[in-house]
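The structure is shown first.

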Amino acid sequence: MRKVIVLVIAIMTMATVNGQTLTERQKGLAACACLMAQGDLERLEPAVRTALDNGVTINELKEAFSQLYAYTGFPRSLNALGVLGKVLENKQANWQEGKPWTRPAEWDDARKAYELGVKNQTQVSGRPFNYDFCPQDDYYLKSHLFGDIFAGDQLTASDREIVTVAALSGLGKVTPQLAAHKQGAVNMGNSQETVDELCAWLTQEGYTLSSVWPKGEPNTAFAQYFIGNSYLAVLDKTGLCNVTFEPGCRNNWHVHHGAVQVLICVAGRGWYQEWGKEPVELRPGVTIAVPEGVKHWHGAARDSWMQHLTYHANVQPGNSNEWLEPVTDEVYPR
């Protein structure tokens, strides 16, 4: 009989934050910003719908995607706006347009834009900031990013930093900027608890893969038995491995003969299913002991990365894996 054990282990639950200060509206903005930064248009479309359902206005999303061109580039900004336009082709009655867009006065006065930028950049940074190493970027930051862009009135200053932190979290490999904007989010009116919860939520929901466990290398040796991409990190000589699944990735139905496979979810969200039974959701701390000889599969959720540790127990001589048919979209949980 399979046992599902929920483990309370600090290293697996370190991202859990008490207090729940993050609102559903903020989550909607953050999810859209994070996926926009990754260029993940397939996941962005349902995220936009959810954000609109949860109180984010159409004009707020336009401003968020426009602002983020300064962090992610015009192509991803324009692509995200294209997704928003596509979603609005079937506009729902409960979706709000938001307050009318007005042209900021700073756009017609370069000095005013620059002065506003200096003010905003100083507040975000917590001190006057001058990038003398590259005067061009110093001017662009003050006059354009923190001036022209921040002059818009659809998003509050605190909203802008929620959007920026989420985008940088999804972008990856921008650690100095992410750290600066996490502090900037507090400086612009968010509580430290909200910022911590935001980063934890992005990881827990699988929008980002922020994990103490190594992602590993592409799992090419077993790629023929997977739908989507997976990554394998061998952790020690005993056979303990960490497997990372991209959103939507799952392995084929398979059977372990002569061994019990143990799965310990350590990041993101996914699924485990035995033949003839309902799927079991995998979240950090959930452990599965797969009985010997039982047909099963496991993988990430459609909209989330997932990592699990795996090893074999009760290993018998002549043990083997039997790979079977793929897990079809009809079987794969939505």
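The model is predicted, with local features requiring pLDDT of at least 70 and side-chain atom pairs pLDDT 80 or more, while totals for chains, interfaces and linings use all residues. Residues are numbered from 1 along each chain as its sequence is written, and side-chain values use heavy atoms, without hydrogens and water.

**Helix pairs**

Two packed helices are described by the angle between their axes and the distance between the axes. Helices are DSSP runs (H or I, at least four residues) numbered from the N terminus. Axes are lines fitted to C-alpha atoms over the stretch in contact, with angles from 0 to 180 degrees between N-to-C directions.

| Helix pair | Axes come within | Crossing angle |
|---|---|---|
| α2 and α6 | 9 Å | roughly 130° |
| α7 and α10 | 7 Å | roughly 105° |
| α9 and α10 | 9 Å | roughly 160° |

Angles under 35 degrees count as roughly parallel, over 145 as roughly antiparallel, 65 to 115 as roughly perpendicular and the rest as oblique. α9 is therefore roughly antiparallel to α10, α7 and α10 are roughly perpendicular to each other, and α2 and α6 are oblique.

Contact means heavy atoms within 4.5 Å. In the α9 and α10 pair, Glu161, Thr164, Val165, Leu168 and Ser169 of α9 meet Gln177, Leu178, His181, Lys182, Gly184 and Ala185 of α10. This contact has four nonpolar, five polar and two charged residues; Ala, Val, Leu, Ile, Met, Phe, Trp, Tyr, Cys and Pro count as nonpolar, Asp, Glu, Lys and Arg as charged, and the others, Gly among them, as polar.

Between α7 and α10, Gln123, Val124 and Ser125 of α7 touch His181, Gly184 and Asn187 of α10. One nonpolar and five polar residues form this contact, with no charged residues. In the remaining pair, Met36, Ala37 and Gln38 of α2 meet Arg76, Ser77 and Ala80 of α6, a set of three nonpolar, two polar and one charged.

**The second largest pocket**

A pocket is an open set of points on a 1 Å grid where a 1.4 Å probe fits, with protein on both sides within 12 Å along at least five of seven lines, and lining residues have an atom within 4 Å of a point. The second largest pocket has a volume of about 750 Å³, the volume being the space filled by probe spheres set on the points. Of its 23 lining residues, Tyr71, Leu141, Leu145, Gln177 and His181 are the closest to the centre. Helices α5, α7, α8, α9 and α10 each supply at least two lining residues, and α8 gives the largest share, six residues. By class, the lining has 15 nonpolar, six polar and two charged residues.
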